[in-house]
Amino acid sequence: MSEWFAETAAKFQVAFLEGDRWKLYFSGLGVTLEISIFAAILGVGIGTVVALMKMSIRRDGKRTILSYIAQIYIDIIRGTPSVLQLLIMWFIIMANNKNGVLVAVLSFGINSGAYVSEIMRAGIQAVDHGQMEAGRSLGLSKGQTMRYIILPQAVKNVLPPIGNEFIVLLKETAIVGYVSLSDLTRTASQISSRTYEPFMPLIGAAVIYFIVIKILSVLLDRLERRLRKGDHR
């Protein structure tokens with residue numbers, strides 16, 4: 001047993017302490033969080049617009065061209081792998097701009113927007129239909145009613161699922177090594193190749209991911225409880 005502890009300690013030192021390699025993990029985590037946060041913000045913006053586009057109807061009750069465009073966008077994004085979208089963005093759409101972080105943010109933001117749009121659409125539809133009628137009866141236009149009455153209530157409904165979408169997005173960014181970005185996963189892989197010992201770097205990266213996501217999960221749980229308390233008041 002003592003030999004196992006000694007061997008594990010030696011592997012830990014090589015993977016994390018030797019040459020201050022622990023700094024590389026935190027640097028990689030910084031890249032992961034940077035991409036995730038900005039992509040999530042972009043995704044929420046795109047998702048809200050796409051949700052409104054998809055829900056748009058003409059006066060005769062038929063779907064608009066914008067609605068069909070939104071549906072095509074959602075189908076394409078949800079029907080293709082994230083890694084393929086990232087490579088298309090890197091090698092084709094942004095071929096003349098090799099800013100890996102920008103490419104990753106755009107790729108994951110566009111990808112997340114498709115899923116957020118469905119979350120937003122469900123949140124808007126969960127608001128009582130009488131709210132629209134109430135807003136119109138107060139003299140507000142349909143757009144003003146949506147902006148000042150419907151959307152604020154919808155946002156309250158969708159905050160928990162959007163938080164879960166952010167957690168999924170954070171884990172999906174592990175593929176950004178394909179565009180030469182040293183995120184947390186790629187950093188662990190690079191250290192593994194240098195030390196010829198994959199176990200400790202990869203397990204270490206997994207533990208870091210777990211801790212970050214656990215913290216986010218706890219915060220989401222607290223948010224949901226506060227929202228539920230607000231509903232009962």
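**Largest pocket**

I began with the largest pocket of this predicted model, which holds about 410 Å³ of space. A pocket here is an open set of points on a 1 Å grid over the protein atoms alone, where a 1.4 Å probe fits, with protein on both sides within 12 Å along at least five of seven lines. A lining residue has an atom within 4 Å of a point. The volume is the space filled by probe spheres set on the points, and grid points are joined across faces, edges and corners.

I listed the lining next. It has 14 residues, and Met-55, Ile-124, Met-132, Lys-142 and Met-146 are the closest to the centre of the pocket. Helices H2 (22-55), H5 (100-126) and H7 (142-172) each give two or more residues to this lining. H7 gives the most, with 4 residues. Helices are DSSP runs of H or I with at least four residues, numbered from the N terminus.

By type, I noted 8 nonpolar, 4 polar and 2 charged residues in this lining. Nonpolar covers Ala, Val, Leu, Ile, Met, Phe, Trp, Tyr, Cys and Pro; charged covers Asp, Glu, Lys and Arg; the others, Gly among them, count as polar.

**Second largest pocket**

I then went to the second largest pocket, with about 200 Å³ of space. Of its 15 lining residues, Leu-159, Ile-162, Gly-163, Phe-166 and Leu-220 are the closest to the centre. H2, H5, H7 and helix H9 (199-232) each supply at least two residues of the lining. Which helix has the largest share of this lining? H7 does, with 7 residues. I noted 12 nonpolar, 2 polar and 1 charged residue around this pocket.

**Source notes**

Residues are numbered from 1 along each chain as its sequence is written, and side-chain values use heavy atoms, with hydrogens and water left out. In this predicted model, local features need pLDDT of at least 70 and side-chain atom pairs count only at pLDDT 80 or more, while totals for chains, interfaces and linings use all residues.

**Helix H4**

I looked up the buried residues of H4 (residues 82-93): Ser-82, Gln-85, Leu-86, Met-89 and Trp-90. They lie on the same side of H4, because they cover an arc of only 130° around the axis. The arc is that of the directions from the helix axis to the C-beta atoms. Buried means under 20% relative accessible area, exposed over 50%, and partly exposed in between, with a 1.4 Å probe and protein chains only.

The face of H4 turned away from its buried side carries the exposed residues Phe-91 and Ile-92. Helix H3 (65-78), H5 and H7 are among what covers the buried residues of H4.

Gln-85 counts as buried because its relative accessibility is 11%. It touches Ile-76, Ile-77, Thr-80, Ser-107 and Asn-111, not counting residues up to four places away in sequence. Contact means heavy atoms within 4.5 Å. Gln-85 and Asn-111 are 26 residues apart in sequence, and their C-alpha atoms are 8.0 Å apart.

**Between H7 and H8**

Thr-173 lies in the loop between H7 and helix H8 (184-195). Is Thr-173 buried or exposed? It counts as buried, at 0% relative accessibility. Leaving out residues up to four places away in sequence, Thr-173 touches Thr-32, Ile-35, Ser-36, Phe-108 and Asp-183.

Val-31 is in helix H2 and counts as buried at 18% relative accessibility. Val-31 and Val-176 are 145 residues apart in sequence, yet 9.7 Å apart in space, C-alpha to C-alpha.

Ser-180 also sits in the loop between H7 and H8. Its relative accessibility is 54%, so Ser-180 counts as exposed. Its phi is near 65°, a positive value in a residue other than glycine. Most residues other than glycine have a negative phi.

**Helix H8 and what follows**

I checked the length of H8. Its 12 residues should span 16 Å at 1.5 Å a residue, and its end C-alpha atoms are 17 Å apart, which agrees. The expected span is 1.5 Å times one less than the number of residues.

In H8, I found Leu-184, Thr-187, Ala-188, Ile-191, Ser-192 and Thr-195 buried. They are on the same side of H8, because they cover an arc of only 140° around the axis.

Just after H8 comes Tyr-196, with a positive phi of about 60°. Tyr-196 is in the loop between H8 and H9 and is exposed, with a relative accessible area of 73%.
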